[in-house]
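Dear colleague,

Please find the structure below for your review. A short account of the findings follows it.

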Amino acid sequence: MSDNSSDQKPLAENKTPDGTEPTDTNGVPTAPFGPQTDVHFATNMPLGGARIPVLLPLRGITSEKLYILDKQETWIGRSTHAEIQLTDGLVSRFHAKVVWENSDHPNEFPRCILLDGQSRNGTFVNRKKIQNEPLSDGDRVVIGSTLLAYLVKDTQELDYDSRILYRATTDSLTFVANRVSFEEAGIHAVNAADRHKQPLSLCLIDIDIFKDINDKWGHPAGDQVLRHLASMLLLSVRNSDVVGRLGGDEFGIVLTGADLNDAYTTMLKLCMDIAATPCAVEMGLIPFAVSIGVAGLKLPEMDWAALSKAADENLYKAKQSGRNCVIAR
């Protein structure tokens, strides 16, 4: 068997469902990764108790927590044109696809078939190598180093699961990714950058003398400053970037496709915008500034841990240099 050489999807066109970002009462996007979400729901998903097939990652290289198989055909592979993208060297570009045979009959129990796409390393269901295999609820699917559970859930279960997942991956105060989710997404982004030979930068942002804000204005006002900063970070990034709160007053941004110079330019503008935009609270306006450390991914010697260490060292240098500045080296 040979790997698919083309990066174009062999069959159905990959169409992105049209959707809008949820926001909180302050207008801050509530998706865990800013513009992105961990769980994908199609706009045409049946309501009520209709049954929906899903793939739940149990182990492997994936940034998602749950895959909703809401199309008649869902491709799995390394290609950016695959609906389920796995950045794993053992996975072919179009490794396998799930066909939902009766997707046009939402009241029927889903009948799905898993087809191998002439992959290099094979597709396995319940430890058996397959070419064309009907899927049953609870089946275990292995693609490359990723183990997935095939499950059939009703939409009420999915709604409950999504709420639990949202709470587990999102910072409850600022509505950006929490530390665990941010680091998982960062590791995934580094792996993708390595595979596609694309630049990537990590930016760490810390509010200058945040303790003074809490002491002078009170902790509720300090919380508003954190939410205000998070909203400015979200507005400064693209759909492909990741925003997270790492703890306290420290935030992180993964800038995909951005080299060190691009990241420095973006962060310098952000730093100046923050200093010029005080946070409005009931008692007045709270001016504040941030220090930012930026590190660019250097391949092949850097992994996520090394990139994080470099960005943290530059953040420390920014604070030692008088704060309200950006250090990128």
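Val 141 stands opposite Leu 148 in β11. Strands here are DSSP runs (E, at least two residues) and helices are H or I runs of at least four, numbered from the N terminus.

This is a predicted model, in which local features need pLDDT of at least 70, side-chain atom pairs count only at pLDDT 80 or more, and totals for chains, interfaces and linings use all residues. Residues are numbered from 1 along each chain as its sequence is written, and side-chain values use heavy atoms, with hydrogens and water left out.

Strand β10 covers residues 140-143. Three bridges join β10 to strand β7 (residues 123-125), and the two run antiparallel. Four bridges link β10 to strand β11 (residues 146-154), also in antiparallel fashion; strands count as paired if DSSP finds at least two bridges between them. The hairpin of β10 and β11 has two residues between the strands, and Gly 144 takes a positive phi near 65 degrees there.

In a regular strand, side chains alternate between the two faces of the sheet. In β10, Val 141 and Ile 143 form the covered face, whereas Arg 140 and Val 142 form the uncovered one.

As for the chain as a whole, there are six helices and 18 strands. Among contacts (heavy atoms within 4.5 Å) between residues at least 6 apart in sequence, 63% join residues at least 24 apart.

Kind regards

Methods
Buried means under 20% relative accessible area, exposed over 50%, partly exposed in between (1.4 Å probe, protein chains only).
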